[in-house]
Amino acid sequence: MHQSALVLFSGGQDSTTCLAWALARYARVETVGFDYGQRHRVELDARLAVLRELRGQFQPWAARLGEDHMLDLSVLGQVSDTSLTRDVAFRMEASGLPNTFVPGRNLLFLTLAAALAYRRNLEVLVTGVCETDFSGYPDCRDDTMKAMQLALSLGMDRRFLVETPLMWIDKAATWRLARQLGEASGVARGGAALEALVIEHTHTCYQGDRVHRHDWGYGCGTCPACALRAGGWTRYREGGLDATP
Ligand code: ZN
């Protein structure tokens with residue numbers, strides 16, 4: 001039975017739900033974030049706000065939540081040219097991938113996370129990658145994750161488990177999962193509290209919009225990330241026509 005985990009944590013809805021998932025399972029949980037010259041510092045600020053609120057509102061989890069690590073990955077800006085690291089508009093490329101795609105980004109994230117987990121003696125790597133949503137990022141696919149688990153375990157001679165709680169669920173089910181994890185947390189009204197925390201403090205909008213407040217949180221409301229988050233929220237609130245995991 002695994003006891004400890006490192007969560008790849010960006011401060012978005014997905015990785016926040018993954019962090020709650022890990023806190024519900026493991027006795028010791030640490031977080032790692034990557035600063036790669038994101039266009040919007042709001043993402044990094046959101047991380048700290050989410051950690052602060054989790055510690056403050058969820059006592060059973062606060063005891064398990066350990067160190068937060070931040071790694072400087074500004075080198076990504078030297079090898080990629082995307083709308084996430086430079087000030088260019090989001091669009092789809094001829095390859096069929098959005099120009100937010102940084103080739104191999106998740107491979108790099110996982111490799112660095114594993115190196116950190118090795119040093120911190122953490123057994124499980126938890127990441128919010130998902131095949132179900134639109135993205136089609138090849139480094140988010142289940143096969144890629146399984147290959148990485150094998151490569152990292154062999155290459156570091158340490159048996160790592162890569163867990164992907166969101167791999168086969170859509171955004172409506174991600175909202176539902178957060179609600180369920182909060183309800184099971186042992187905190188009174190924890191389901192509503194975790195849902196409110198996700199709405200208020202996580203950030204997904206590509207435009208970095210923290211001005212416009214919707215039922216589902218802050219964002220421009222029109223970029224692909226906002227559209228996904230809003231669409232999932234609507235289906236979740238309507239009672240979920242989508243499949244549960
Ligand atoms: Zn947006």
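The zinc ion has four protein donors: Cys205 (SG), Cys220 (SG), Cys223 (SG) and Cys226 (SG), lying 2.3 Å from the metal. Donors are N, O and S atoms within 2.8 Å of the metal (3.2 Å for Na, K and Ca); water is not among the atoms, so sites may look incomplete. This is a predicted model, where local features need pLDDT of at least 70, side-chain atom pairs count only at pLDDT 80 or more, and totals for chains, interfaces and linings use all residues. Residues are numbered from 1 along each chain as its sequence is written, and side-chain values use heavy atoms, without hydrogens and water.

The zinc site is tetrahedral, with angles of 105 to 116° among its four donor atoms. Along the chain, the donors follow the spacing C-x14-C-x2-C-x2-C.

Buried means under 20% relative accessible area, exposed over 50%, partly exposed in between (1.4 Å probe, protein chains only).

| Residue | Relative accessible area | Class |
|---|---|---|
| Cys220 | 22% | partly exposed |
| Cys223 | 5% | buried |

Now the sheet. Five strands form an open sheet in the order β3-β2-β1-β4-β5, with parallel pairing. β3 (65-72) and β5 (161-163) stand at the edges with a single partner strand each, so one side of each lacks a neighbour in the sheet. Strands are DSSP runs (E, at least two residues), numbered from the N terminus. Two strands pair if DSSP finds at least two bridges between them. Strand β1 (residues 4-8) runs parallel to strand β4 (residues 124-126), and three bridges join them. Ala5 has Val124 as its bridge partner in β4.

Technical notes:
Helix = DSSP H or I, 4+ residues; strand = E, 2+ residues; numbered from the N terminus. Tetrahedral: all angles 85-135°; square planar, octahedral: opposite > 155°, others 65-115°.
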